[in-house]
Amino acid sequence: MTDSFFLPPIANGRSGAQNSATVIGLYGVSGVGKTLLLNRLRRELGDELFTYHEGSAVISGVVPGGLEAFQSLEKEEKNFWRKRAIESIRESSIESGKTAIVTGHLILCSEKGTHEIVHTDSDLEVFSHILYLDEPADVVWSRHLSVEDISQWLKAEKSLLRQLCYNNCILFALVSPCKLDAITTLLIDFYKHDEVYNLNLATRKLDAALGYCRDHLPETFLVLDGDKTLAADDTGDMLWRTHLPSVTDNLTPLEAIFTSKLGYSYAAFRQVSLLYEEKFTNDEFERICSQVASSVRLYPEMLSLLHNIESKAHIGAVIVTCGLQQVWTSVLENSGLTRKFVVIGGGRHPDDCVVTPIVKAAIVDHLKETYCSYVWAFGDSPLDLDMLRRADEAIVVVGDLHTRSRSMETKLATVIERHKLHAHQLLLPSGVPSRLDTERLPTITLENLSRSINFEILHSSNTNAAKLLATPMRDASVCGPLLRGAHKRAGYYLSMTHVSTLLGLETTQIPHVQGYAIDGFQLRHEAKTIIIALMRGGEPMALGVSEAFPRAMFHHASCVADIAHEHLNGRVTAILVDSVINTGRSVSEMIRHIRQINATLRIVVVAGVVQKQAVAARSPLCMLARKSNVGLVALRLSENKYTGRGTTDTGNRLFGTMHLA
């Protein structure tokens, strides 16, 4: 037998349309037990989902004169009938709707030691999966080949077949023919696992993981990539280069997949799962994942952000990574982040989901559509672009110039131009060069990012204070001065509790009763604050706000035209006050008008009663508030959608004008 096998050029991809049948090849050298395994699988799996085909028997059935006539044909004629045979299997699989299992050969060896490569273009087009029966050479039975010959045959077949599969989008796995349970598990998984199944599996995992917050579902979610986004590391590369030192100067097994025709497709990530199962046992895999995780250090800025939101009930976080779920779960645990972070990623079990760009985007859609949440997405590479496009807020994480994705720049520019992606870039660390330019991709600081993400509506619903303050406001018999007084007290209370929390305080020198100066406190930028009473119902409550912040300017506004440049000139903060917010349309008009005059002014909206739907996570008012740096404060949120008219209108009750309605 020759010392080495001739390796033909690797095909660049499948010719023709992708086959619509699932056809699984059982490959291996002669004598490894393919036929025996096929018969065992037939008994184990039955005929409901699968059909079973001995390759040589199928050829015998399509060639006139059978297998004996086939053996006498020239090479080109043999290839013709081999193609007819595999194509007939595909056609029968499509017709029956069942998955076909077929024994096949890549290389045949004669008694003289010569070899013949017998795969065809049709094989590469029809097969969706190939299981290679991998046995030690001294176990394989042969009448005419030595153990050394069989060993060379095995080595050449496995190497060539792996390359052929990668470059023709065929999933490839090495299996032991004696492990029937493992093979049947794989076959059942191959039967059911497609991209639709994978998407459903990923969203079901998300739903199950969010069970911890069913009673109080977060209104805002952060969806974050793992590698190069939360940390500068590529955990997959770390794993292979650490635990397979021989790949240090070559492509890692992962790179061999992603640089092949598979690219970063669903099939590629499925192949990665098969590779992990092939290379590691369960115990080895857990140990290696733990070791890799212990070496990962989150960006300090990302660690600070995650710790900041961990205690916020209204914010949730999902790490959705194309890498290994087990690694990133351990990374978070090692960083002290264990309470509320959901991790969805890949693994070594083929029956689990794999994370593709489509899955990342679907996670964002699911959070928006099923949970009505406001979603921020963080990513660093082209694999994250669909996810970033679907999110309400997109943050491109930009790392060190030497480690960041090289292909991101061009693809990001294209998505911004063609798909109108509106995103910010977060530089980690802050001194690294930015991507593109700050006009197309404005930078955002961690401080501004944290403030925007932490957006929430502060209210006192169900507190004893709110119940007492709201009682006269809801009492139909109370009107005129008494009702105005109740609104004023509510405004004062909301200022002391919630507005001061949102805006913060600053020190001011005051005279102590004992005759010396001490530090007192006032609203931050109080002297540069304007309180705008939305007339007419907002005036009494605004007077209470004014009493709490006496150094602030007071202004009346019945419509947007009543707020001009001179009113906002020199102001740092604007507090808009109304008694009731039903749809939020009037307040939204005021916010947009103010933003046209001053783009940086901090705005806080104060109201007595806010209709709950008006401030739902994805309501127009809340969407505007997040994007416009607006805080919302209310005495209580109400499920009641009723809008008062005539004698029930709040304005008429406040000013005793019920008879004019």
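Biologist: Which cysteine sulfur is closest to the sulfur of Cys322, and how far away is it?
Modeller: This is a predicted model, and the values are computed from it. A disulfide requires two cysteine sulfur atoms within 2.5 Å. The sulfur of Cys322 is too far from its closest counterpart for a bond, and that counterpart belongs to Cys353, at 11 Å.

Biologist: How many disulfides are there in the whole structure?
Modeller: Cys165 gives a second example, because its sulfur is too far for a bond from the closest cysteine sulfur, that of Cys169, at 10 Å. Cys165 is also buried, with 0% relative accessibility. A search of the whole structure puts the number of disulfides at zero.

Biologist: In which strand is Gly345 found, and is Gly345 buried or exposed?
Modeller: Leaving aside neighbours within four places in sequence, Gly345 is in contact with Lys205, Thr321, Gly323, Gln325, Cys353 and Val355. Its C-alpha atom is separated by 19 Å from that of Glu278, a residue 67 positions apart from Gly345 along the chain. Gly345 is found in strand β10, and with a relative accessible area of 0% it is buried.

Biologist: Which strands stand at the edges of the sheet that contains β10?
Modeller: That open sheet has six strands in the order β10-β9-β8-β11-β12-β13, with parallel pairing. An edge strand has a single partner, so one side of it is left without a neighbour in the sheet, and this applies to β10 (341–346) and β13 (423–427).

Biologist: Which residue of β10 stands opposite Val320?
Modeller: Strand β9 (residues 315–324) and β10 pair in the parallel sense, and five bridges join them. Within β10, the residue that stands opposite Val320 is Ile344.

Biologist: What are the edge strands of the five-stranded sheet?
Modeller: The five strands form an open sheet, again with parallel pairing, in the order β2-β3-β1-β6-β7. The twist in this sheet averages 20° from one strand to the next. Pairing on one side only marks the edge strands, which are β2 (50–53) and β7 (171–175).

Biologist: Which residue in β3 stands opposite Thr51?
Modeller: The strands concerned are β2 and β3 (residues 99–104), which run parallel and are joined by four bridges. Opposite Thr51, the residue in β3 is Ala100.

Biologist: Which residues touch the most other members of the largest nonpolar core?
Modeller: In soluble globular proteins, nonpolar side chains tend to be buried together. For Leu131, the contacts beyond four places in sequence include Ile24, Leu26, Tyr27, Val175, Ile183 and Phe190. The largest nonpolar core has 111 residues, and those touching the most other members are Leu131, Leu222 and Phe378.

Biologist: How many residues are in the other core?
Modeller: This other core lies apart from the largest one, and Ala202, Val320, Ile363 and Leu412 are among its members. Its count of residues is 35.

Biologist: What N to O distance is found in the salt bridge between Asp189 and Arg270, and which helices hold the two residues?
Modeller: Asp189 is buried, with a relative accessible area of 2%, and Arg270 likewise counts as buried at 2%. Their side chains meet in a salt bridge with an N to O distance of 2.8 Å. The pair ties together parts that are 81 residues apart in sequence, because Asp189 lies in helix α7 (residues 180–192) and Arg270 in helix α11 (residues 266–279).

Biologist: How many salt bridges does the count come to?
Modeller: Another pair is Glu255 with Arg241, whose closest N and O atoms are 3.2 Å apart. Arg162, Glu278 and Lys279 are linked in a network of salt bridges. With a cut-off of 4 Å between a side-chain nitrogen of Lys or Arg and a carboxyl oxygen of Asp or Glu, the count comes to 18.

Key:
Residues are numbered from 1 along each chain as its sequence is written. This is a predicted model: local features need pLDDT of at least 70, side-chain atom pairs count only at pLDDT 80 or more; totals for chains, interfaces and linings use all residues. Side-chain values use heavy atoms; hydrogens and water are left out. Buried means under 20% relative accessible area, exposed over 50%, partly exposed in between (1.4 Å probe, protein chains only). A nonpolar core is a set of buried Ala, Val, Leu, Ile, Met, Phe, Trp, Tyr and Cys residues joined through side-chain atoms within 4.5 Å. Contact means heavy atoms within 4.5 Å. Two strands pair if DSSP finds at least two bridges between them. Axes are lines fitted to C-alpha atoms, for helices over the stretch in contact, and angles run from 0 to 180 degrees between N-to-C directions.
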